[in-house]
Amino acid sequence: MSPAHAKSAADLIISACTALVHDDHEQIGFVEDATIVVRDGRIEAITTGPVGLPAHERIDARGQVAMPGLVNCHTHAPMVTLRGIAEDLPVDEWFNDFVWPIESNLQEKDVELGARLACAEMIRGGVTCFADHYFSMDTVAAVTAESGLRANLGQAFFSSQGAAGRERSLDFALRNRDTAEGRITTSLAPHAPYTVDDSDLAATAELAAEHGLLVHIHASENRDQAEAGLARHGRTPIETLAATGLLDTDLLLAHGTGIMERDLPVLARATGRIAVASAPRGYLKFAWPTTTPVRALRELGISVGLATDGAASNNSLDVWESMALTALVQKFTEADARCLTSRQALHHATLQSARAVGLGQEIGSLAPGRRADIILVDLTGPHTQPVHDLAATLVHSARAGDVRTTIVDGRILMRDRELLTLDVPAVVREMNERMPALIDRSHGKRIQDYDT
């Protein structure tokens, strides 16, 4: 290739795919025989047919769908180390008897290995961006940078840690904001209204406004928490967020299955950009009586993104499963088969999820100027054929294992199911060596108490 051609060459050209796109009204559509041109980490063009342009890399995506990368809007990535450790338990026993005693044993190496395994799982499942809320987040940030993924990261804190916990969360957010070539953004991460007192919540709201940071918090996770808030304080967790100023910040609420009818006008009056992350598999496992009220939130203009929560409760980081379950659970809850169509579910998994983590202008759709976070999904398997309705096939038939290629910022992190940035066997070997010390609960300690 001549120097002139090399200079004009695209970084990556994906050809012969079917591209999932959004129109001007944010309706999902599909472009057949599409070609996607990527340059400098962004989508330069989406056109039909072949493109006579040289490229440093090419992917023939015949028989595959090109989609915006999925976004896991709320997880605790290092908790994959506890996958399956506490099953068939109500949430209070799950926390108090297993998770919080084990987490008191956590070393940075455990967090690193868990984050590595989680990033590998997400890449293989077509997740290109995740929002994480955990401890030792400098370690998670380093792993995220190495993996090539995009993430919004927050250092969790409780009021039981004193002012130092909140200060560490702020320090992490300011030091790591816009690192990894801009792929890492950050948030403040108070744990929840039942573990963080009103003064800390109010201080967090002030810090978020001062520094322009997102706040990522568990809130009204279930109906018991909402009713406990009313009984003890005369207000729901959502009303507590309003009283402390957090609804006037950019706010990502994890779960929200306990959001009550009385909370809806409170949310409607919020001046911040409010979003909710829904992780339905965990709600089903814990037998919670209600789920995230997606329809009511959508009517308020609140984005509802899809999430998995941590693998300790969800058992996987599979956003495809979250997408299908969200659609099914909402149909069941609303007693309406027309509720949450396949195209709406895809919208929640892509553009709404991107907005939920504060990146709605950068990712979440395939369009010129957007970051090139792209996945290629193979629909040639017997479980996805024949294709009568492509949106329904993607939501209800496709699986995480159908993702062939995962691309972030134009960089290929997995090609034809081969991970290119992480060594899973080495991680698993070292993790298993450390497991006996990690899961020991004989000390009787907990990092916190679950008592809503």
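The mean positions of the 41 positive and 60 negative charges of the protein chain lie 3 Å apart. The model is predicted: local features need pLDDT of at least 70, side-chain atom pairs count only at pLDDT 80 or more, and totals for chains, interfaces and linings use all residues. Residues are numbered from 1 along each chain as its sequence is written, and side-chain values use heavy atoms, without hydrogens or water.

The protein chain contains 16 helices and 17 strands. These are DSSP runs numbered from the N terminus (helices H or I, at least four residues; strands E, at least two). Along the principal axes, the C-alpha atoms fill a box of roughly 70 × 50 × 45 Å.

Of the 452 residues, 60% count as buried. Buried means under 20% relative accessible area, exposed over 50%, and partly exposed in between (1.4 Å probe, protein chains only). The accessible surface of the protein chain comes to about 17,400 Å². Carbon and sulfur atoms account for 48% of that surface. Areas come from the Shrake-Rupley method with a 1.4 Å probe; for residues, only the protein chains shown count as cover. Among contacts between residues at least 6 apart in sequence, 74% join residues at least 24 apart. A contact means heavy atoms within 4.5 Å.

A search of the whole structure finds ten aromatic pairs. Rings of Phe, Tyr and Trp (its six-membered ring) pair if their centres lie within 6.5 Å; planes under 30 degrees apart count as stacked, over 60 as edge-to-face and the rest as tilted. Tryptophan 94 and phenylalanine 286 form an edge-to-face pair, because their ring centres are 5.4 Å apart and their planes stand at 75 degrees. This pair links distant parts of the chain, 192 residues apart. Tryptophan 94 sits in helix 2 (residues 91-103), and phenylalanine 286 in the loop between helix 10 (280-285) and helix 11 (294-299). Tryptophan 94 is buried at 6% relative accessible area. Phenylalanine 286 is also buried, at 14%.

Tyrosine 283 and tryptophan 288 are stacked, with ring centres 5.5 Å apart and planes at 15 degrees. Tyrosine 283 is buried, with a relative accessible area of 4%. Tryptophan 288 is buried at 17%.

Backbone geometry was examined next. In the loop between helix 10 and helix 11 lies alanine 287. Its phi is near 60 degrees, a positive value in a residue other than glycine. Alanine 287 counts as exposed, at 61% relative accessibility. Histidine 255 likewise has a positive phi, near 85 degrees. This histidine lies in strand 11 (residues 251-255). Histidine 255 is buried, with a relative accessible area of 2%. The peptide bond from glutamine 385 to proline 386 is cis, with omega near -10 degrees. Proline 386 lies in the loop between strand 14 (374-378) and helix 15 (390-397).

Note on methods
Lys, Arg positive; Asp, Glu negative; His and termini not counted. Charge placed at Lys NZ, Arg CZ, Asp CG, Glu CD.
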